[in-house]
Amino acid sequence: MNIIEVQNLKRVYRATNGVIRRTTKEIVAVDDLSFDIKEGELFGLLGPNGAGKTTSVKVLATLLIPDAGQVRVKGLDIVKDANEVRKEIGFIFGGERGLYWRLSGNDNLRYFASLYHVAPEISKKRIPYLLELVGLKGRGDERVQGYSRGMKQRLHVARTLLHDPDILFLDEPTIGLDPVGAREFRDVIRNLQSEKKTILLTTHYMFEADSLSDRVAVIDKGLIVALDTPSALKKHVRDLSVVEIETFGIAPNVVEEIRKLPFVDSLSTREQDHRQILHVQTERGAEAVPDLMASLEGMRVGRVTVREPTLEDAYVRLVGGKA
Amino acid sequence: MKLKNLITYWRTALTVAEITLRHQWNDSFILFAILVQPMIIAILALFMLRDLGGEYAMFVVVGSGLTGLWSSLLFISGNSINNERRQGTLESLVALPTPFEVIIFGKNLANVVQSLISMSSSYILAALLFGYTLKMVSPLLFVGSVIISIFAFISFGLVIAPLFIIYRGIQQWQNAMEFPVYILAGFLFPIAMLPNWTTPISYVLPPYWAARALHETSTGTGDTEKIFFAWSMMLLFSVIDLFIASKLFKFMLYKARVDATLETV
């Protein structure tokens with residue numbers, strides 16, 4: 001049974017400039033987006049920056065009004081029945097904001113419990129339970145301003161579970177967390193999955209989407225470019241291998257020349273400690289390495305590896321090598 | 001609205017007020033607005049008018065308390081929505097089942113109640129520093145006036161807060177709105193001393209009716225009929241303010257969801 005239905009969603013941002021001659025610039029954040037999420041499913045939403053992920057989540061969380069299309073949560077219209085929808089959902093937007101830093105963790109939770117109309121006798125039991133669930137047992141009396149980023153993120157999770165919603169929207173919840181914090185956070189998400197919560201997760205981390213999601217939608221420029229299970233998406237790149245080349249100070253024009261080589265399916269680069277790692281997807285696998293090295297002649301090159309494609313490679317191919 | 005909802009909202013507003021008081025306790029601007037500034041005003045007024053005697057001292061005590069109340073309403077309640085936006089908590093508050101105006105009602109309740117401190121501090125100041133024997137003429141009617149004034153100020157604050165968001169141009173005049181209301185509402189001297197043409201402006205200001213009720217019950221200058229009339233005017237303005245506020249909040253939130261301005265200042 002579909003618990004979330006998004007049909008032909010469109011959302012445009014308008015920015016007005018000028019005093020005498022006012023001009024309005026329109027930016028289409030989400031363009032004709034359609035997908036459904038089943039009850040108890042963890043649905044991943046992937047896409048490059050500006051693809052429309054956060055906009056989609058904010059529309060679902062009743063924080064933005066769509067320009068066109070229909071969005072239903074548990075059969076309720078997110079515009080007409082916004083107040084009813086709000087009782088059914090919980091949400092987290094990445095980052096540390098959204099909490100009262102001068103208050104303790106306990107007071108933050110007590111405050112939001114009251115705003116979610118959780119009866120005081122229930123919240124008295126639920127708050128310690130949630131603090132334990134998110135690994136903040138014994139820290140509830142401390143002011144939030146003294147919490148680490150990971151602790152604040154976990155307090156966000158506790159806040160969003162106060163009214164025990166069936167549906168959760170998690171918008172890049174692990175952004176900015178250290179590897180240990182991110183891993184602990186993923187364990188919290190797995191716990192929620194085991195409680196049969198329906199979760200919409202947006203993330204930049206492919207392994208996160210791969211390990212957690214039942215299905216993944218890849219969006220680009222506000223449109224869905226692929227929607228399937230992680231394993232099915234990986235089949236998109238089954239015929240390819242990935243050559244990773246470590247370079248030092250590679251010029252942008254050289255990257256563009258490599259991208260144009262006939263055997264290169266797609267190419268992305270990643271900056272890492274003054275190095276640029278080239279990820280070249282190609283059907284030729286190891287055979288492509290000599291030709292690629294020829295293109296890099298005269299440049300300082302480090303380690304070269306050839307590996308099997310991952311979900312990230314499928315994603316890069318789907319969004320045209322922009323990651 | 002169902003009675004059950006009203007009870008739930010009232011309980012929620014009380015929790016919001018309590019948490020707001022805890023949150024604001026360390027804010028030095030709030031201490032200035034509700035404690036320091038009214039005390040400075042009270043000292044100035046008591047020095048200037050010390051020859052008028054003890055009766056006027058009570059007028060100054062109540063009047064300087066009202067300045068704290070108005071400043072708190074104008075700056076703290078007026079900026080309450082923008083403050084939430086700056087803290088990044090506005091989105092979390094809007095996407096809740098509790099109507100946003102109930103949350104701002106609770107915040108205004110906290111601001112108005114805490115600014116009553118300014119009245120108490122002025123009372124202590126007049127009694128200890130200036131040695132006045134301060135006597136409340138009609139204590140019961142005074143308490144009634146305080147309660148109705150709180151409601152009137154909260155309702156007025158519910159109009160100001162969304163107004164400052166929808167029409168940002170008005171907020172630029174926020175500082176300029178502080179002292180004229182002190183004068184036009186008759187906080188520190190009767191409006192009879194002002195030119196006649198200002199009287200209609202005073203009559204449409206809820207703080208004027210609050211000042212009148214509080215002054216008349218504390219100094220004994222008004223009869224019961226006059227006091228009840230001031231109460232009626234405050235209640236009438238409160239109903240009008242609540243109606244206008246409900247429309248403004250609806251418009252403000254809809255516009256913010258269309259313009260995507262819940263997160264951005």
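Visitor: How many bridges join E12(A) to strand E13 of chain A, and do the two run parallel or antiparallel?

Guide: In this predicted model, 8 bridges join E12(A) to strand E13, residues 275–282 of chain A, and the two run antiparallel. To look at one partner pair, find A:Gln272: its bridge partner in E13(A) is A:Arg275.

Visitor: Which strands make up the open sheet, and in what order?

Guide: Four strands of chain A form the open sheet, and reading across gives E12-E13-E11-E14, with antiparallel pairing.

Visitor: Which are the edge strands?

Guide: An edge strand pairs on one side only, and here that describes strand E12 (264–272) and strand E14 (301–307) of chain A. As you step from one strand to the next, the twist averages 15°.

Visitor: Which helix lies across E12 and E13 of chain A?

Guide: That is helix H9 of chain A, residues 252–259, and H9 runs at about 155° to E12(A).

Visitor: Now for the two chains. How many residues of chain B are in contact with chain A?

Guide: The size of an interface is often given as the accessible area lost when the parts come together. Here we can count residues instead: 22 residues of chain B are in contact with 22 residues of chain A.

Visitor: Which helices of chain B supply at least two residues each to that side?

Guide: They are helix H1 (3–24), helix H5 (90–94) and helix H12 (224–259) of chain B. H1(B) gives the most, with 6 residues.

Visitor: How do the residues on that side of chain B divide into nonpolar, polar and charged?

Guide: On the side of chain B that touches chain A, 9 are nonpolar, 10 are polar and 3 are charged.

Definitions and conventions:
Residues numbered from 1 in each chain as written. Chains lettered and ligands numbered in written order. Predicted model: local features only at pLDDT ≥ 70, side-chain atom pairs only at ≥ 80, totals over all residues. Contact = placed C-beta atoms within 7 Å. Nonpolar A, V, L, I, M, F, W, Y, C, P; charged D, E, K, R; others polar. Pairing = 2+ DSSP bridges. Axes fitted to C-alpha atoms, helices over the stretch in contact; angles between N-to-C directions.
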